[in-house]
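Here is a short report for a first look. Have the sequence and the 3D view at hand.

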Amino acid sequence: MSSSCEALLRALKECVLNSDCVQKQGHLPSECIKQHSNELPEQCQLLRKSTFECKRNMLDMRTRFRGNTVGMDAEKLRQQKIATPPAES
């Protein structure tokens, strides 16, 4: 897989691992994504859809020339999180 989807995939993995489906119900992350996707939090569902779109866009010849915007947006968000220090309480 191209590095343009890597940030989305990493965020999806983290989201699913921290979801109730894995933590409380004891399902495998792959089971949660495939069979219990409606039980995942909305953020995980959106990340799942974005990851799918990113992978699909990698096969689209138009986006090969322009770049994969779905993956690029995720990378920009990741860079912003790194640049912004956490607020102290």
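## A buried histidine

A residue counts as buried when its relative accessible area is under 20%. The model shown here is predicted. In this model, His-36 has a relative accessibility of 17%, so His-36 counts as buried.

Where does His-36 lie? His-36 sits in the loop between helix 3 (29-34) and helix 4. Leaving aside neighbours within four places in sequence, His-36 is in contact with Cys-21, His-27 and Glu-31.

## The nonpolar core

The largest nonpolar core has 12 residues. Among them are Cys-5, Leu-8, Leu-12, Cys-15, Val-16 and Cys-21. Leu-40, Cys-44, Leu-47 and Cys-54 also belong to this core. Helix 1 (6-17), helix 2 (20-23) and helix 4 (42-59) are the elements that give two or more residues to the core. The largest share, four residues, comes from helix 1.

Take Val-16, one of the core residues. Val-16 touches Val-22, Pro-29, Cys-32, Ile-33, Leu-40 and Cys-44, not counting residues up to four places away in sequence.

## Helix 1 against helix 4

The axes of helix 1 and helix 4 come within 9 Å and cross at roughly 150°. Helix 1 is therefore roughly antiparallel to helix 4. The crossing is left-handed.

Which residues of helix 1 make the contact? They are Leu-8, Leu-9, Ala-11, Leu-12, Cys-15 and Val-16. Helix 4 brings Gln-43, Cys-44, Leu-47, Arg-48, Ser-50, Thr-51 and Cys-54. By class, this contact of helix 1 with helix 4 has nine nonpolar, three polar and one charged residues.

Definitions and conventions. Residues are numbered from 1 along each chain as its sequence is written. This is a predicted model: local features need pLDDT of at least 70, side-chain atom pairs count only at pLDDT 80 or more; totals for chains, interfaces and linings use all residues. Side-chain values use heavy atoms; hydrogens and water are left out. A nonpolar core is a set of buried Ala, Val, Leu, Ile, Met, Phe, Trp, Tyr and Cys residues joined through side-chain atoms within 4.5 Å. Buried means under 20% relative accessible area, exposed over 50%, partly exposed in between (1.4 Å probe, protein chains only). Contact means heavy atoms within 4.5 Å. Axes are lines fitted to C-alpha atoms, for helices over the stretch in contact, and angles run from 0 to 180 degrees between N-to-C directions. Angles under 35 degrees count as roughly parallel, over 145 as roughly antiparallel, 65 to 115 as roughly perpendicular and the rest as oblique. A crossing is left-handed if the near helix is turned anticlockwise from the far one by less than a right angle, and right-handed if clockwise. Ala, Val, Leu, Ile, Met, Phe, Trp, Tyr, Cys and Pro count as nonpolar, Asp, Glu, Lys and Arg as charged, and the others, Gly among them, as polar.
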